[in-house]
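Subject: Structure handover

Hello,

Here is the structure I promised to pass on. Please open it alongside this message.

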Amino acid sequence: MASPTLSKPRPRPSTPLKTARRGRSNETADASCPRARGRRIASNVAYLSLAELFCRASSVFVTLALMKRLGGSGYGRVEFAFSIVFWLVLLVRDSSDVMVARELSRHPRLIKPLVDHVLAFKSLLALTLFSALWLGGWLTLKDPADVSILTLYGLLLFTTAIGLDFVYRGTERMGLLAVSLCLRTMFYGAGVLAFVGDATRITWVPMFLAVGEAGGIGLIWLSYLRRYRMPRPRFSLRFITILLHRGKTVCAIQLSQALIIAADVLVVGMTSDWGDVGRYGAQYRIVTVFLTFGLIVQHATFPTLSRLWRHHPDAGRVALDSLVEALLTFMIPLAVGVTILAEPLVGLLGSSDYDGAGLLLAVGIWRAPLLTIAFCYQTTLIALNRESVGVGSLVAAAIGIGPLVYLMRSQFGLVGATAAVLLIGLTLVIAGYQSLAREGRQPAWHHHLGRPLLASAAMVPVSLSLVRWNVGAAVVGGALTYLIMLVATGGLARTRSWRAAFHPHDAVVTTVSADDPPL
């Protein structure tokens, strides 16, 4: 496909995003194979879930090692710098990837021209942001070491810019992405554990993270080049204009979510000493690990949900309802368990630098279920092409979370900062549900709370009694009690209905059968 131009007098050729509006006959080709598509999404969720399980377990291990080796102050410095760059990385990634992945899920033939244009756009954006990041750090940070840490973390902007993950997410080939994620974590973890022994090598932490990201992205590139040609980045103002016009709402949603996730760490980092930042960052990192699991499930199901809402709206509603039920069944016991075991878990760090982090973890863990459900609702609106319906509340929350965190931090200390995020999360859950209700697509999530809450209540006394002996025993015993109670109340019998979220064929068949009049 020719690159769009503005200088030639002949009719302008279509850009990839323009071409995506045509070819409707190809859109339903995949719909004719619901069983195959169902198996693919189930395997995609399995691949990414296993990869995330490995990556997050490894990340927790590496993070705990860094907390001990760097101390509270040193860990606070790297956590603050990473939180700043994390928001900018999402700006580079989500400015185009979500929209492009949605188009590729419907029009796979546009892969090569879209890659050409997206790489050019993201590279320019990464260079601009990196320059602003370095200048801002040089002007505001007094310690040259802090400037170096921030700048080295900024290299992630370039690795993100050249990433091709969106190609494989849009075409639902997640196996390679899973391997890539594992390689990134392995490179990073091995480097940090082997060479970062104390705070004198603190700058090596972002260096190894950038090297790990580059290694995983290199694997994606090797696979891409074997199947497609070498990308030819093309700067096109027309393409960027169309991308911004069609993706501005999606981009606003993604960036607002990123700011909501990281705003409290940024505010605490700017208003506290490095010791407090380290204590706050310790619980924040643990909570973020659990929050990622909910987000990864949404990323894996997004392409198929997008098609279901387009071709089988009733099946899309069934799939969303099942997805929310599955998320609540796992997130509620997680939040309850971490709340009652927060102090012993933080005590495993074995350092007085993190005294008080247990209370922060007990409160902060509830951001995982709240933000997971809130972001799930926003992802659903994107799949519906109705992202503009709920973007207002999300942008308002992103604008207001900073002042709210600062106010509650001033009044109630560090625990007030994390409590402010919970208030924002609860508000977004209510607003997202109302947005879906106005479209007639709201899930019946309130019907799915009873069994998880009852089973979680049963596991509390078991965990509290076992924690006197060993924290690990308390975790295992509480989990087993929860599962037993869930089975006893018929909760696991509902797992068959969860197939609708990961197996579209079942959702279509179930919906059609329910709508057919009796013979």
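Below is what I found, taken topic by topic.

**Overall**

Please keep in mind that this is a predicted model. The chain has 519 residues, and 54% of them are buried. Its secondary structure consists of 22 helices and zero strands. Among contacts with a separation of 6 or more, 83% join residues 24 or more positions apart. The accessible surface is about 21,900 Å². Carbon and sulfur atoms hold 66% of that surface.

**Cores**

The largest nonpolar core has 52 residues. Those with the most contacts inside it are Ile260, Tyr280, Val324, Leu371, Ile373, Ile401 and Leu428. The elements giving two or more residues to this core include helix H11 (237-271), helix H12 (274-311), helix H16 (367-383) and helix H17 (387-412). H11 gives the most, with ten residues.

Beyond its neighbours within four places in sequence, Ile260 contacts Leu371, Leu394, Ala397, Ala398, Ile401, Val421, Ile424 and Leu428. There is also a second, separate core of 45 residues. Met67, Ala161, Leu349 and Ala357 are among its members.

Ala357 also belongs to the buried part of H15, together with Gly358, Leu360, Leu361, Ala362 and Gly364. Helix H15 covers residues 357-364, and six of its eight residues are buried, so the helix is largely enclosed by the rest of the structure.

**Salt bridges**

The whole structure has nine salt bridges.

- Asp116 and Arg229 meet through their side chains at 2.7 Å, N to O. Asp116 is in helix H5 (residues 111-140), while Arg229 is in the loop between helix H10 (204-227) and H11. They are 113 residues apart. Asp116 is buried, at 1% relative accessible area. Arg229 is partly exposed, at 24%.
- Asp165 pairs with Arg184, with the closest N and O atoms 3.2 Å apart. Asp165 is in helix H8 (residues 165-170) and Arg184 in helix H9 (residues 174-195), 19 residues apart. Both Asp165 and Arg184 are buried.
- Arg409 pairs with Asp276, with the closest N and O atoms 4.0 Å apart. Arg409 lies in helix H17 and Asp276 in helix H12, so this pair ties together parts 133 residues apart in sequence. Both Arg409 and Asp276 are buried.
- Arg77, Asp143 and Asp146 are linked in a network of salt bridges.

**Cysteines**

How many disulfides are there? The count is zero. The cut-off is 2.5 Å between the sulfur atoms. Cys55 is buried, with a relative accessible area of 6%. Cys376 is buried as well, at 2% relative accessibility.

**Surface**

One nonpolar surface patch is about 460 Å². Val475, Val476, Leu480, Leu483 and Ile484 make it. Ile484 sits in helix H20 (residues 471-488). Is Ile484 buried or exposed? Ile484 counts as exposed, at 58% relative accessibility. H20 also gives two or more residues to the 52-residue core.

Best regards

Key: Residues numbered from 1 in each chain as written. Predicted model: local features only at pLDDT ≥ 70, side-chain atom pairs only at ≥ 80, totals over all residues. Heavy atoms only, no water. Buried < 20%, exposed > 50% of the residue type's maximum accessible area, 1.4 Å probe, protein only. Helix = DSSP H or I, 4+ residues; strand = E, 2+ residues; numbered from the N terminus. Patch = residues over 30% accessible without salt bridge, like charges linked within 9 Å, V, L, I, M, F, W, Y side chains within 5 Å. Areas by Shrake-Rupley, 256 points an atom, 1.4 Å probe, with all protein chains shown as cover. Core = buried A, V, L, I, M, F, W, Y, C linked by side-chain atoms within 4.5 Å. Contact = heavy atoms within 4.5 Å.
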